[in-house]
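I want to go through this one piece by piece and jot down what I look up. Notes follow in the order I took them.

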Amino acid sequence: MTTLPVLDLSRFRDPGDREEFLADLRRAAREVGFFYIVGHGVPPELSEEIFSVARRFFALPESDKLTIENVGSPQFRGYTRTGNEYTGGSRDWREQIDVGPEREAVEPAPGDPAWVRLIGPNQWPDAVPELREITLAWQAEALRVSREVLRALAASLGQDEGYFDAWFDEEAATHLKIVHYPPRQAADEEQGVGSHKDYGYLALLQQDEIGGLQVLDDDGGWIDATPIPGGFVVNIGEMLEIATQGYLRATRHRVLSPPAGVDRYSVPFFLAPRLDAVVEPLELPAELAAAARGVSQDEDNPLLASYGENALIGWLRSHPKVAKRWYPPL
Ligand SMILES: O=C(O)CCC(=O)C(=O)O
Ligand SMILES: [Fe+2]
């Protein structure tokens, strides 16, 4: 395997092609865990707009960007400076804005789980006021497309296509990042973002034409997720690995910093269940169940079926400054 499969999502709603599409999807999701989606219906103008507003925001003076620094947010929302995020204990070389569902903050009652504090408002920059509307429009499209992919995945696993819908509501813990990868500082400083798995159900990524995202294959080699025009990259997250008892695996991936003089922009969207969801194994058809590999045992990253806990641990590890300020006992 040297490239990722390409799937046309519109085939899912074509009665003559649905079964073959579901077989292709199942193979791509199981064998690679990463694939491109085309035929998704996201307007190309919206994809362009979110990149152009991202370029305007990241070009601002640092003092403007810091007005929405995520250190001010118990929800980890807002701006993270380059070098302030960690993956696998090492510093990532990217700056970003984290955006979640727009909610009012919840004051935890005694006995509430710590993750209730992840519910709350976003931070928006006064200096680029149009960022809010464009981002929320893009977020709505990414939610629509990724839920459609999840319905197709459910169907491809022998479930009712609405199987996962019960785990969504107002508090569903989706989020997105608007990311800028500056050029590497030195030839050997290449960690844009270190090797990791995503912790929700799946991720949907809009990337520009630069490239740098790589996917770990079964032999320990890295496959380039080379950008394709109009295509989104989709990958399987930890909650689907748990739900399928390892029939699907959350695939490791990383981003290499662009070379000197080159900047890369990307917008990943993470589809997750509600924070209070405890993901249960679904009942796979016998022939798929026989091929399930079990959930991976990773000492550094035990997978928790409780989504809120899994998510909070992920945030605490990657944003130590926010963790120290708002979650000192943890
Ligand atoms: O920017 C990318 O290409 C991927 C980013 C990513 O994997 C992540 O933020 O989880
Ligand atoms: Fe990721």
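Before I place anything in a helix: helices here are DSSP runs of H or I with at least four residues, numbered from the N terminus. I also keep in mind that this is a predicted model.

Entry one, D64. I looked up where D64 sits and found it in helix α3, residues 62-65. Skipping neighbours within four places in sequence, I find D64 in contact with P125 and A127. I also checked D64 against V128: they are 64 residues apart along the chain, and their C-alpha atoms are separated by 9.5 Å.

Entry two, helix α1. I tested its length: the 14 residues of α1 (residues 18-31) should span 20 Å at 1.5 Å a residue, and the end C-alpha atoms are 20 Å apart, so the two agree. Next I listed its buried residues, which are F21, L22, L25, A28, A29 and R30. What do they pack against? I find β1 (6-8), β2 (34-38), α4 (130-156) and β12 (232-236). After α1 comes G33, and I read a positive phi there, near 80°.

How values were computed. Residues are numbered from 1 along each chain as its sequence is written. Chains are lettered from A and ligands numbered from 1 in the order in which they are written. This is a predicted model: local features need pLDDT of at least 70, side-chain atom pairs count only at pLDDT 80 or more; totals for chains, interfaces and linings use all residues. Two residues are in contact if their C-beta atoms, placed from the backbone, lie within 7 Å. The expected span of a helix is 1.5 Å times one less than its number of residues. A residue is buried if 20 or more other C-beta atoms lie within 10 Å of its own, exposed if 12 or fewer, and partly exposed in between; C-beta atoms are placed from the backbone.
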